[in-house]
Amino acid sequence: MAREFRTEIRVYFGDTDGMGVASHTNYIRWFEVARTELLRELGFTYLELEKVPLWTPLSQVHCEYKLPAYFDDVVEVVSHIAELGHASAKVGYEIRRMPGGELLATGYTCHVFTDDKLKPVSLKKTFLPLYEALRGIVE
């Protein structure tokens, strides 16, 4: 079983429409927040990766909406590394309303590891510490 990472996010007024429902685009942004915090918990930042240089452009995103989030809800984004390839990774997500854990959405993002010219690179050869950290938590 993959190690899970948990990130809490409050739904702000600007995240919602006139009915107080969070816009669908925020779920994708919340995936990004959770992914950034997952890396941080492993001891890495995107600023550090840029210096390598190692970029992680998005190649796919999928979100299945189950229930809406509302203004002032606290949601928890549970993230994990679902797959790790030589030059790519897939991150899985669940978004849950807190407290209680009611499932609002599930999804994933796929990323390619590249240099600063967007040429795919082997993560193991380019930045071994990150490769080892991710390998240690993958399903």
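This is a predicted model: local features need pLDDT of at least 70, side-chain atom pairs count only at pLDDT 80 or more; totals for chains, interfaces and linings use all residues.
**Cavity and pocket**

Rolling a probe the size of a water molecule over the atoms shows where empty space is left. In this model, a search of the whole structure turns up one cavity of 30 Å³ or more. The volume of the largest cavity is about 140 Å³. Its lining is made of 13 residues, and those closest to its centre are R35, L39, V91, F113 and L134. Two or more lining residues come from each of the elements α1 (24–41), α2 (46–51), β4 (88–98) and α4 (128–135). Helix α1 gives the largest share of this lining, three residues. Sorted by class, the cavity lining has ten nonpolar, two polar and one charged residues.

The largest pocket holds about 170 Å³ of space. The residues that line the largest pocket are E32, R35, T36, Y46, L49, E50, L54, W55, T56, P57, L58 and H111. Helices α1 and α2 each supply at least two residues of the pocket lining. By class, the pocket lining has six nonpolar, three polar and three charged residues. R35 is named among the residues closest to the centre of the largest cavity, and R35 is also listed in the lining of the largest pocket.

**Helix α1**

Helix α1 contains 18 residues. From its first C-alpha to its last, α1 reaches 27 Å, close to the 26 Å expected at 1.5 Å a residue. The buried residues of α1 are N26, Y27, W30, F31, A34, R35, L38 and L39. An α-helix has 3.6 residues a turn, so residues three or four places apart point the same way. Just after α1, G43 takes a positive phi of about 100°.

Two of the buried residues of α1, R35 and L39, are also named among the residues closest to the centre of the largest cavity.

**Aromatic contacts**

A pair of aromatic rings is described by the distance of the centres and the angle of the planes. The structure holds five aromatic pairs, and two of them are set out below.

| Pair | Centre to centre | Angle between planes | Geometry |
|---|---|---|---|
| F13 and F71 | 5.8 Å | 90° | edge-to-face |
| Y27 and Y65 | 5.0 Å | 85° | edge-to-face |

F13 lies in the loop between β1 (5–10) and α1, while F71 lies in the loop between β2 (58–65) and β3 (74–84), so their pair ties together parts that are 58 residues apart in sequence. F13 counts as exposed because its relative accessibility is 62%, and exposed means over 50%. F71 is partly exposed, with a relative accessible area of 41%.

Y27 is buried because its relative accessible area is 2%, and the limit for buried is under 20%. Y65 has a relative accessibility of 39% and counts as partly exposed. Ring pairs join Y27, W30 and Y65 into a cluster.

The charged end of K90 sits over the ring of Y108, at 4.2 Å from the ring centre.

Key:
Residues are numbered from 1 along each chain as its sequence is written. Side-chain values use heavy atoms; hydrogens and water are left out. On a 1 Å grid over the protein atoms alone, a cavity is a set of points where a 1.4 Å probe fits but cannot get out, and a pocket is an open set with protein on both sides within 12 Å along at least five of seven lines; lining residues have an atom within 4 Å of a point. Grid points are joined across faces, edges and corners, and a volume is the space filled by probe spheres set on the points. Helices (H or I, at least four residues) and strands (E, at least two) are DSSP runs, numbered from the N terminus. Ala, Val, Leu, Ile, Met, Phe, Trp, Tyr, Cys and Pro count as nonpolar, Asp, Glu, Lys and Arg as charged, and the others, Gly among them, as polar. The expected span of a helix is 1.5 Å times one less than its number of residues. Buried means under 20% relative accessible area, exposed over 50%, partly exposed in between (1.4 Å probe, protein chains only). Rings of Phe, Tyr and Trp (its six-membered ring) pair if their centres lie within 6.5 Å; planes under 30 degrees apart count as stacked, over 60 as edge-to-face and the rest as tilted. A charge sits over a ring if NZ of Lys or CZ of Arg is within 6 Å of the ring centre and within 35 degrees of the ring normal.
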